[in-house]
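Student: I am new to this structure and would like to be guided through it by questions. May we begin once it is shown?

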Amino acid sequence: MTTPLVAVENLATHFPIRRGLLRRQVGAVRAVDGVSFTIDKGRTLGLVGESGCGKTTVGRSVLRLVEPTGGAVRFAGQDVRATHGAALRALRRRMQVVFQDPYGSLNPRMTVRSILEEGLVIHRLGDPGTRLERMARALEQTGLARAALDRYPHEFSGGQRQRIAIARALVLEPEFLVLDEPISALDVSIQAQVVNLLVELREQFGLTYLFISHDLSVVEHVSDDVAVMYLGRIVERAAAERLCRQPLHPYTHALFSAVPAIDPARRRRRIVLPGDVPSPARPPAGCRFHPRCPLAEATCMTVDPPATTVAGQLVHCHVAARELAATGDAAAASATIARRLAEAVPAAGEATGARAAIHS
Ligand code: SF4
């Protein structure tokens, strides 16, 4: 068995809530609360969920842009949380990030040359001559001309700025990229171009991605595997095609029901969940999804559902576990859960619109 490039085990990132004159800690926002996954080299894991579910904090915690409070992160077998100083800097060159907002993530006072060169200087890579070649090559790999080096970010469109942000990561020749909502700030007309660029770069350089998005249709298109997050935890994980074909968790069913489908065979009845996501400072007891789950039972309110795995598909749900035990077949269990959800939730019409985003 090969070692995964990225292995995250029971990751927790809690932010303290402080009050009073002495700023005493009175609680904690449990943004990430026991997340585990692995990503093999050259693969893409899509991480989806509503705003505030903790997916961005997972990406930042893996890179230690925020300090995790618990759990383990390993990159190529190396313990990221136990690495410091020069060793951490060397590791960071291999693990890069592309942020959501290409307007905010590029310093408007710096030329593209300075933006790209900064990382090379920090990581002490090359001399001025080889750096120039490396920067020009990174720009060309993202579809921009060398002449862009002497211009400022404001001279470019949103899509071009995101290409510069990708070039800034690529110039360091990383192995792993955290793509944090890389297209959600872009016009719909150019989102597909940037997604296709990311796919091409992955194939060309054998890159490994953690692709964070609220847009299920994009995640499904880009990812080999998909993990669904709710309130700081992964509630379901499977190969992308399998998760789309036979979701088990009621929350995953609700997310997929909001994805518009041209193919009538893939159209699902829209499931509109009641209420809002609870505060991660006070997560509900038992299953965290129970206040919004149309299938919630008494057990769900008190007992945290353990993981059930069938043919690589992992789900945290009492009802799904029972259906799997009864049928022994994920497709049959998925169909039963879909039917029960349709009976429990009033029809809300077909999902419509040009984009497949999560609305619940
Ligand atoms: Fe719904 Fe219960 Fe399953 Fe949670 S464990 S998703 S509340 S059925």
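Student: Which residues are buried in helix 9?

Tutor: This is a predicted model, and burial is judged by counting C-beta atoms: a residue is buried if 20 or more others lie within 10 Å of its own. The residues in question are Pro250, Tyr251, Thr252, His253, Ala254, Leu255, Phe256 and Ser257.

Student: What covers the buried residues of helix 10?

Tutor: Helix 10 runs over residues 318-327, and His318, Val319, Ala320, Glu323 and Leu324 are buried in it. Just after helix 10 comes Gly328, with a positive phi of about 65 degrees. The cover over the buried residues of helix 10 includes strand 11 (307-310), strand 12 (313-316) and helix 11.

Student: How many helices and strands does the protein chain have, and why is it described as compact as a globular protein of that length?

Tutor: The secondary structure comes to 11 helices and 12 strands. For 360 residues the globule rule gives 21 Å, and the chain is as compact as a globular protein of that length because its radius of gyration is close to that value, at 22 Å.

Student: What percentage of the contacts between residues at least 6 apart in sequence join residues at least 24 apart?

Tutor: The C-alpha trace spans about 65 × 55 × 50 Å along its principal axes, and buried residues make up 42% of the 360 residues. Among the contacts between residues at least 6 apart in sequence, the share that joins residues at least 24 apart is 65%.

Student: Which element gives the largest share of the side of domain 1 that touches domain 2?

Tutor: The chain is divided into domain 1 (6-223) and domain 2 (245-344), with C-alpha centres 30 Å apart. Between them, 13 residues of domain 1 are in contact with 7 residues of domain 2. On the domain 1 side, strand 2 (24-39) and helix 7 (216-222) each give two or more residues. The largest share, 5 residues, comes from strand 2.

Student: How do the residues of that side of domain 1 divide by class?

Tutor: The residues concerned are those of domain 1 on the side that touches domain 2. They divide into 7 nonpolar, 4 polar and 2 charged.

Student: Where does the largest nonpolar core lie?

Tutor: This core has 82 residues, of which Leu47, Ala167, Leu177, Leu179, Leu210 and Val228 touch the most other members. Both domain 1 and domain 2 give residues to the core, so it lies between them.

Student: Which residues does Leu210 touch, leaving aside those up to four places away in sequence?

Tutor: Leu210 is among the residues of the largest core that touch the most other members. With residues up to four places away in sequence left out, Leu210 touches Ile39, Leu45, Leu47, Gly59, Val62, Val178 and Leu179.

Student: Which residues does the second, separate core include?

Tutor: The second core is made up of 10 residues. Among them are Leu248, Val315, Cys317 and Ala338.

Student: Which residues are closest to the ligand?

Tutor: The ligand is surrounded by 14 residues. By class, this shell has 10 nonpolar, 3 polar and 1 charged residues. The closest are Cys287, His290, Cys293, Cys300 and Cys317.

Student: Is Tyr152 buried, partly exposed or exposed?

Tutor: Tyr152 is placed in the loop between helix 4 (128-141) and helix 5 (158-170). Tyr152 touches Pro108 and Thr111, not counting residues up to four places away in sequence. There are 16 other C-beta atoms within 10 Å, so Tyr152 is partly exposed.

Student: Is Glu133 buried or exposed?

Tutor: Glu133 is found in helix 4. Its C-alpha atom is separated by 9.2 Å from that of Arg146, 13 residues apart along the chain. Because Glu133 has 11 C-beta neighbours inside 10 Å, Glu133 counts as exposed.

Methods:
Residues are numbered from 1 along each chain as its sequence is written. This is a predicted model: local features need pLDDT of at least 70, side-chain atom pairs count only at pLDDT 80 or more; totals for chains, interfaces and linings use all residues. A residue is near a molecule or strand if its C-beta atom, placed from the backbone, lies within 6 Å of it. Ala, Val, Leu, Ile, Met, Phe, Trp, Tyr, Cys and Pro count as nonpolar, Asp, Glu, Lys and Arg as charged, and the others, Gly among them, as polar. Domain bounds come from an automatic or database domain assignment. Two residues are in contact if their C-beta atoms, placed from the backbone, lie within 7 Å. Helices (H or I, at least four residues) and strands (E, at least two) are DSSP runs, numbered from the N terminus. A nonpolar core is a set of buried Ala, Val, Leu, Ile, Met, Phe, Trp, Tyr and Cys residues joined through C-beta atoms within 7 Å. A residue is buried if 20 or more other C-beta atoms lie within 10 Å of its own, exposed if 12 or fewer, and partly exposed in between; C-beta atoms are placed from the backbone. The radius of gyration is taken over C-alpha atoms; the globule rule is 2.2 Å times the number of residues to the power 0.38.
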